[in-house]
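Please examine the sequence and the structure before consulting each solution.

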Amino acid sequence: MWRAVAADWRSAPLRPELHATLGFLEKLALHPDALEPADAEAVRAAGVSAQALRDAAVVCALFSMIVRLADALGWDVPEWDTLAARAPAMLEGGYVLGALQGR
């Protein structure tokens with residue numbers, strides 16, 4: 001499934017709720033000025049709750065902000081192996097610096 005999504009989420013065999021949410025998030029990230037209430041209504045019509053759509057939009061917005069800050073401030077993105085090594089500590093202790101100390 002992951003390979004299909006990574007290759008092209010539009011043609012991946014996703015549940016309608018996820019497909020609709022990803023379409024909304026793509027528009028939010030790439031064309032926010034074009035986003036309209038009808039876009040959110042279409043996602044809710046696909047079976048996504050208002051809360052789930054808000055949660056997805058907040059995560060999208062936060063990641064967009066982080067990427068823009070990283071680009072503007074020249075932050076380095078760690079290599080995949082480094083990120084993978086940090087994952088267990090982040091899952092256990094969250095995204096606080098203390099969770100990564102000693103790991």
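A residue is called buried under 20% relative accessible area, exposed over 50%, and partly exposed in between. The model used here is predicted.

**Exercise 1.** Classify D8, and determine which residue forms a salt bridge with D8.

*Solution.* Step 1: D8 has a relative accessible area of 28%. Step 2: the salt-bridge partner of D8 is R10, with 3.2 Å between the closest N and O atoms. Step 3: R10, at 45% relative accessibility, is likewise partly exposed.

**Exercise 2.** Explain why the pair of E26 and R10 ties together separate parts of the chain.

*Solution.* Step 1: the closest N and O atoms of the E26–R10 salt bridge are 2.3 Å apart. Step 2: E26 belongs to helix α2, whereas R10 lies in the loop between α1 and α2, so the pair links parts that are 16 residues apart in sequence. Step 3: through shared partners, salt bridges join D8, R10 and E26 into one network.

**Exercise 3.** Describe how helices α2 and α4 meet.

*Solution.* Step 1: the axes of α2 (residues 16-30) and α4 (residues 50-73) come within 10 Å and cross at roughly 35 degrees. Step 2: the crossing is right-handed. Step 3: the contact includes F24 and L25 from α2, and L53 and A56 from α4. Step 4: the contact residues comprise eight nonpolar, two polar and one charged.

**Exercise 4.** Which element gives the largest share of the largest nonpolar core?

*Solution.* Step 1: this core has 10 residues in all, among them A20, V43 and C60. Step 2: α2, α3 and α4 each give two or more residues. Step 3: the largest share, four residues, comes from α4.

Methods. Residues are numbered from 1 along each chain as its sequence is written. This is a predicted model: local features need pLDDT of at least 70, side-chain atom pairs count only at pLDDT 80 or more; totals for chains, interfaces and linings use all residues. Side-chain values use heavy atoms; hydrogens and water are left out. Axes are lines fitted to C-alpha atoms, for helices over the stretch in contact, and angles run from 0 to 180 degrees between N-to-C directions. A crossing is left-handed if the near helix is turned anticlockwise from the far one by less than a right angle, and right-handed if clockwise. Contact means heavy atoms within 4.5 Å. Ala, Val, Leu, Ile, Met, Phe, Trp, Tyr, Cys and Pro count as nonpolar, Asp, Glu, Lys and Arg as charged, and the others, Gly among them, as polar. A nonpolar core is a set of buried Ala, Val, Leu, Ile, Met, Phe, Trp, Tyr and Cys residues joined through side-chain atoms within 4.5 Å. Buried means under 20% relative accessible area, exposed over 50%, partly exposed in between (1.4 Å probe, protein chains only). A salt bridge is a side-chain nitrogen of Lys or Arg within 4 Å of a carboxyl oxygen of Asp or Glu.
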